[in-house]
Amino acid sequence: MNIQYSRGCPFNCEFCNVTLLNGHRPRTKTKEQIIRELEALYRWGWRDAVFFVDDNLIGNKKKLKQDILPAIHEWMEEHRYPFTFSTQLSIDLADDEELMDLMIKAGFQTVFVGIESPNEESLQECAKKQNIARDLVASIKKIQKFGLEVQAGFILGFDSDPESIFVRLADFIQNTGVVTAMVGLLNAPKGSRLYARLQAEKRLIKETSGDNTDFSLNFIPKMDYKTLIQGYTNVLSKIYSPRHYYNRVRKFLAEFEPPRLRPIYFRIVHLKAFLKSIWYLGFIGQEKLYYWRLFFWSLVKKINTFPHAVSFAIYGYHFRRMFVEHIKKLR
Ligand code: SF4
């Protein structure tokens, strides 16, 4: 289920049109509105994940800390934590321990962060201010240590990307233990500053497909096109390969301490997914060895991460399937 607390973002990355569409100054709902929406979901019987589909949840940190998160926390406690929350936000969350603490208490479990690139020049190029001159690995690990799973977005195809970017990016993803790593190709959506720049440079060739992981580009890249596509393919094959993917899951779970806030809500759909994972991944799939290693490692060494281990194994299968489908379309 999705709900939204705010619109707009105080940053203005070159490839993003959020600021044009929704403004620089985040517009927010009141705590009463948010609580009413949670109450409505609760009354409808929903007891699962809720995604805050904000452009950047922490665009107005003061209001979030003083008003919204304490109200959500109180409501969640009264209702015995019926939901788990996830959202999208910027990496400067790592600088605010009070905010991370309040998010955890309110029931947030997963945050999606636009990391974009480990290459400083590429971050400068796209004006990703909050990521520049920052130890990105340390920031991600700090958020993970607080008990939030970091999902991250990465982009290839910046003018400043050197040919070594592909190996660097895959290594970066492995080192951070970011299990859900969404790597896409740069595209220029209408209304973004990138769109205007590429138009002025006569490099725009079409509108975006709206899916930056479908191997399409809507402009002429600086890097040789074939090198870029081959490099992109190599990154995906590596990070989603069973060996690298399961290693990343282990790396993340070894350090991750999931907060214990809510009772376990048992659902038949979860049992079905669990049994299917055993059959498809443990007996039929190419990853069976890795699956069972992770399965028994989490059971024996870190039982509190067992549900995460099984979920990640299922996600990994999904990522590989999606990747194979995209490659088939390319040929
Ligand atoms: S990419 Fe994210 S941080 Fe950058 S302007 Fe868009 S919403 Fe804001």
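Which residues of helix H6 (residues 136–145) are buried? The points below take up this helix, then the domains, the core and one tyrosine.

1. The model is a predicted one, in which local features need pLDDT of at least 70 and side-chain atom pairs count only at pLDDT 80 or more, whereas totals for chains, interfaces and linings use all residues. Residues are numbered from 1 along each chain as its sequence is written.

2. In helix H6, the buried residues are Leu136, Ser139, Ile140 and Gln144, where buried stands for 20 or more other C-beta atoms within 10 Å of a residue's own, exposed for 12 or fewer, and partly exposed for values in between, with C-beta atoms placed from the backbone. Seen down the axis of H6, these buried residues fall within an arc of 135°, so they line one face of the helix; the arc is that of the directions from the helix axis to the C-beta atoms. Helices (H or I, at least four residues) and strands (E, at least two) are DSSP runs, numbered from the N terminus.

3. The partners against which the buried residues of H6 pack are strand E6 (108–116), strand E7 (149–156), helix H7 (165–176) and helix H10 (242–255). After H6 comes Gly147, which has a positive phi, near 110°.

4. The domain assignment gives domain 1 (2–253) and domain 2 (262–330), with bounds that come from an automatic or database assignment. The contact between them takes 17 residues from domain 1 and 21 residues from domain 2, two residues being in contact if their C-beta atoms, placed from the backbone, lie within 7 Å. On the side of domain 1 that touches domain 2, helix H9 (225–240) and H10 are the elements that give two or more residues, and H10 supplies the largest share, 7 residues.

5. The largest nonpolar core has 78 residues, and those with the most contacts inside it are Leu93, Leu156, Leu169, Val235, Ile239, Val249 and Ala313; such a core is a set of buried Ala, Val, Leu, Ile, Met, Phe, Trp, Tyr and Cys residues joined through C-beta atoms within 7 Å. This core draws at least three residues from each of domain 1 and domain 2. Ala313, leaving aside its neighbours within four places in sequence, is in contact with Ser277, Leu281, Tyr291 and Leu294.

6. Tyr315 is found in helix H13 (residues 306–330) and is partly exposed, with 15 other C-beta atoms within 10 Å. From C-alpha to C-alpha, Tyr315 and Leu102 are 28 Å apart in space, and they are 213 residues apart in sequence.
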